[in-house]
Amino acid sequence: MRKRLRGVFVALLLILSLCATSVAVTEEGDVHHLSIDAADGADLDARVRDLVYTEDETIILYGSFDTGATFREKVMVILWEGTVVSGPITFEKGGELFCYTLGDGRVTGGVRAAEGTTLWLTDVEIEGAVIGDDVRVSVSGKETAVLPILYATTTPATGAEAVFLPEVPVAAAFGDYPALRAQKAENSIPDELRKAIMEFTGTSTVELLRAPDKNLCYSPLSLYYALLLTAGGARGTTQAELYATLGLVEAIQGGANPAEMAGTLYRNIHLDDTECALALAHAVWLHSEYQFWREYLDVAAAQYGELYRIDFTDALAGGYMARWVADKTRGLLKPAIQNTQDERLAIFNAIYCKVPWEKPFYTARKPSISRTERRSSAIFFAAT
């Protein structure tokens with residue numbers, strides 16, 4: 001599809017060099033190409049309302065427009081080199097919609113699209129969010145200001161709003177060894193993931209140890225899970241670099257689904273009993289001006305991730321997140337979290353571990369001392 005489109009663009013370069021009117025219409029076979037020049041009127045919305053076009057036509061914009069525009073039919077929009085659209089571009093019809101630029105094109109008002117739309121963004125800078133339910137975005141070329149895991153909303157949430165809470169699997173009871181073995185067997189950790197986590201552990205730990213003057217308590221699995229949850233919502237170069245850092249490139253090329261592998265690992269190690277517990281929790285906190293993509297909810301569900309919307313400008317925002325940490329660690333951690341008003345996204349991971357000692361320590365007994373002729377030994381018991 002892209003090779004065919006690029007061939008069309010080459011032809012358009014020749015066609016547009018001959019266009020001088022405000023709305024030029026040219027034909028190449030059965031395909032119509034419409035072009036709109038801002039020099040003949042910068043109100044793009046009004047220009048498009050007066051434009052006569054049909055489904056699947058190509059519309060080329062060039063110049064600086066003071067407004068956005070609404071396209072009533074499924075179209076391909078091409079932003080010519082240096083074109084700026086100071087307003088949202090809206091596509092009312094579903095299907096595959098293309099927004100291309102042959103240079104430094106920019107849309108400052110974001111993009112709105114109908115449900116079920118696939119929006120292709122190639123070398124176009126979107127300064128604003130993509131709004132729409134179940135809209136799939138493919139980004140290549142220039143990085144955009146849009147996080148693919150979210151889209152904007154005009155109704156900010158108040159406080160902390162739980163968007164998605166996963167159904168945590170029921171773990172086998174401590175001491176029920178047949179059930180525990182079955183849980184492990186049904187959720188066998190893929191070798192690729194096991195190897196990737198081990199390599200990530202070694203690499204990341206070495207980097208942290210480069211700060212010799214600090215005492216550190218580090219959970220490699222916690223960081224790995226947080227980055228994996230982040231990678232599932234990224235796109236383009238960012239996603240590729242995250243998966244490379246996580247050591248999953250070959251696994252993905254072989255058809256593996258990173259989110260599903262993470263879910264398998266979660267179920268494999270999950271324990272939650274009064275005697276023994278190993279519980280992972282991870283959450284993405286998104287500024288209340290935005291909403292999560294529906295497809296990202298599937299990623300979070302597969303990894304048992306929680307999704308929240310929160311107003312980072314609220315002085316109580318840090319308290320909401322600190323309470324989440326306290327809840328997930330059963331009150332063992334009660335951090336003081338400071339957030340800034342510039343924050344738009346925060347990713348948290350917490351791990352709770354309760355495992356009985358094979359040889360318990362006791363605090364009630366006093367040190368016992370035994371002596372021999374030339375040797376003495378002392379056994380001290382202390383709480384841990």
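Colleague: How do you know that the side chain of Asn339 reaches the backbone nitrogen of Gly318?

Modeller: The separation is 3.1 Å. A polar contact is a pair of N or O atoms within 3.5 Å; within protein, one must be able to donate a hydrogen and the other to accept it, and residues adjacent in sequence count only if both atoms are side-chain atoms. At 3.1 Å, the pair therefore qualifies. A polar atom of the Asn339 side chain also lies 2.7 Å from the backbone oxygen of Phe312. The model is a predicted one, in which local features need pLDDT of at least 70 and side-chain atom pairs count only at pLDDT 80 or more, whereas totals for chains, interfaces and linings use all residues. Residues are numbered from 1 along each chain as its sequence is written, and side-chain values use heavy atoms, with hydrogens and water left out.

Colleague: Where is Asn339 found, and with which residues is Asn339 in contact, leaving aside its neighbours within four places in sequence?

Modeller: Asn339 is in the loop between helix H10 (317-328) and strand E20 (345-354). Helices (H or I, at least four residues) and strands (E, at least two) are DSSP runs, numbered from the N terminus. With those neighbours set aside, Asn339 is in contact (heavy atoms within 4.5 Å) with Phe312, Asp314, Ala317, Gly318 and Met321.

Colleague: Why is Ala322 called buried?

Modeller: Its relative accessible area is 12%, and buried means under 20%, exposed over 50% and partly exposed in between (1.4 Å probe, protein chains only). Ala322 therefore belongs to the buried class. Ala322 is placed in helix H10, whose buried residues are Ala317, Gly318, Met321, Ala322, Trp324, Val325 and Ala326. These pack against strand E17, strand E19 (306-310) and E20. Leaving aside neighbours within four places in sequence, Ala322 is in contact with Pro335 and Ile337. Ala322 and Pro335 are 13 residues apart in sequence, with a C-alpha to C-alpha distance of 5.7 Å.

Colleague: What makes Arg330 partly exposed?

Modeller: Arg330 has a relative accessible area of 40%, and is therefore classed as partly exposed. Arg330 lies in the loop between H10 and E20. Its phi is near 55°, a positive value in a residue other than glycine. Tyr304 likewise is not a glycine and has a positive phi, of about 60°. Tyr304 is in the loop between H9 and E19, but at 12% relative accessible area it is buried.

Colleague: What makes H8 and H9 roughly parallel to each other?

Modeller: Their axes cross at roughly 25° and come within 7 Å. Axes are lines fitted to C-alpha atoms, for helices over the stretch in contact, and angles run from 0 to 180 degrees between N-to-C directions. Angles under 35 degrees count as roughly parallel, over 145 as roughly antiparallel, 65 to 115 as roughly perpendicular and the rest as oblique. H8 and H9 are therefore roughly parallel. Ala259, Glu260, Ala262 and Gly263 of H8 make the contact with Val299, Ala302 and Gln303 of H9.

Colleague: Why is H4 called roughly perpendicular to H5?

Modeller: Helix H4 (residues 191-208) packs on helix H5 (residues 220-231) at about 110°, the axes being 10 Å apart. That angle makes H4 roughly perpendicular to H5. Residues in the contact include Leu193, Ile197 and Phe200 of H4 and Leu221, Tyr224 and Leu227 of H5. The buried residues of H5 pack against H4, and also against H6, H8, E17, H9 and E20.
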